[in-house]
Amino acid sequence: MTEHTPPMSVLSETECWQHMASASLGRLVTSVDGNPAIFPVNFAVQNKTILFRTAEGTKLVGAAINNNVLFEVDDHNVAEGWSVIVAGSARSLRSDEEIAEAERAELLSWIDTEKPHFIRIRPRSVTGRRFQFGTAPGRVLAAEDPVLG
């Protein structure tokens with residue numbers, strides 16, 4: 001008898017943080033002029049917070065004006081995938097102490113641009129799911145209708 005693995009399961013908060021710590025690309029979801037906006041960002045997990053760098057622009061202004069954000073991270077292989085969503089509060093780091101701590105994360109930009117501002121997301125909630133890939137359950141063929149065939 002084979003053990004059935006459910007196609008979707010809920011990750012514990014600890015598993016969510018472990019998965020996020022293994023990734024480096026996530027998506028920041030925020031509001032710009034009252035409209036939802038999503039930005040891919042490279043990031044690091046530091047002390048159960050999300051840390052990323054940015055230049056002047058929408059992400060920096062968004063953290064100052066509307067700091068309620070979502071952050072999504074996911075990954076997959078041929079057999080399974082996972083997705084974690086962090087709902088939290090984003091804010092630009094200002095003090096020398098905060099910036100020194102952020103610099104210890106050794107978070108480097110993927111592209112050769114200057115991103116002097118650190119943004120930290122402090123989570124209000126962390127949720128995640130694991131997905132087991134496979135073929136769809138076999139279709140059950142309907143019994144032939146004696147009238148319609």
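Predicted model: local features only at pLDDT ≥ 70, side-chain atom pairs only at ≥ 80, totals over all residues.

User: OK, salt bridges. How many does the structure hold?

Analyst: Five. One of them joins the side chains of Arg27 and Glu72, at 2.5 Å from N to O. Arg27 sits in strand S2 (residues 25-32) and Glu72 in strand S5, so this pair ties together parts that are 45 residues apart in sequence.

User: Are those two buried or exposed, or something in between?

Analyst: Arg27 is partly exposed, with a relative accessible area of 27%. Glu72 has 15% relative accessibility, so Glu72 counts as buried.

User: Which other salt bridges can you show me?

Analyst: Arg91 and Glu98 meet through their side chains at 2.4 Å, N to O. Arg91 is partly exposed at 42% relative accessibility, while Glu98 counts as buried at 18%. Then there's Arg120 with Glu101, at 3.9 Å from N to O. That pair links distant parts of the chain, with Arg120 in strand S7 (residues 117-132) and Glu101 in helix H3 (residues 96-103), 19 residues apart.

User: How accessible are Arg120 and Glu101?

Analyst: Arg120 is at 4% relative accessibility, so Arg120 counts as buried. Glu101 comes in at 25% and counts as partly exposed.

User: Switching to rings. How many aromatic pairs are there?

Analyst: The structure has one aromatic pair. The ring centres of Phe43 and Phe71 are 5.1 Å apart and the planes meet at 75°, so the pair is edge-to-face. Phe43 is in strand S3 (residues 35-46) and Phe71 is in strand S5 (residues 68-76), so the pair ties together parts 28 residues apart in sequence.

User: Buried or exposed, those two Phe residues?

Analyst: Both Phe43 and Phe71 are buried.

User: Now the surface. Which residues make the nonpolar patch?

Analyst: Met8, Val10, Phe131 and Phe133 make a nonpolar surface patch of about 360 Å². Met8 belongs to strand S1 (residues 8-10). At 40% relative accessibility, Met8 is partly exposed.

User: Last one: where is Asn66, and what is Asn66 in contact with?

Analyst: Asn66 is in the loop between H2 and S5. Leaving aside neighbours within four places in sequence, Asn66 is in contact with Thr30 and Ser31. Asn66 also counts as partly exposed, at 25% relative accessibility.

User: And how far apart are Asn66 and Ser89?

Analyst: They're 8.8 Å apart in space, C-alpha to C-alpha, and 23 residues apart in sequence.

Notes: Residues numbered from 1 in each chain as written. Heavy atoms only, no water. Patch = residues over 30% accessible without salt bridge, like charges linked within 9 Å, V, L, I, M, F, W, Y side chains within 5 Å. Areas by Shrake-Rupley, 256 points an atom, 1.4 Å probe, with all protein chains shown as cover. Salt bridge = Lys/Arg side-chain N within 4 Å of Asp/Glu carboxyl O. Helix = DSSP H or I, 4+ residues; strand = E, 2+ residues; numbered from the N terminus. Buried < 20%, exposed > 50% of the residue type's maximum accessible area, 1.4 Å probe, protein only. Phe/Tyr/Trp six-rings, centres within 6.5 Å; stacked < 30°, edge-to-face > 60°. Contact = heavy atoms within 4.5 Å.
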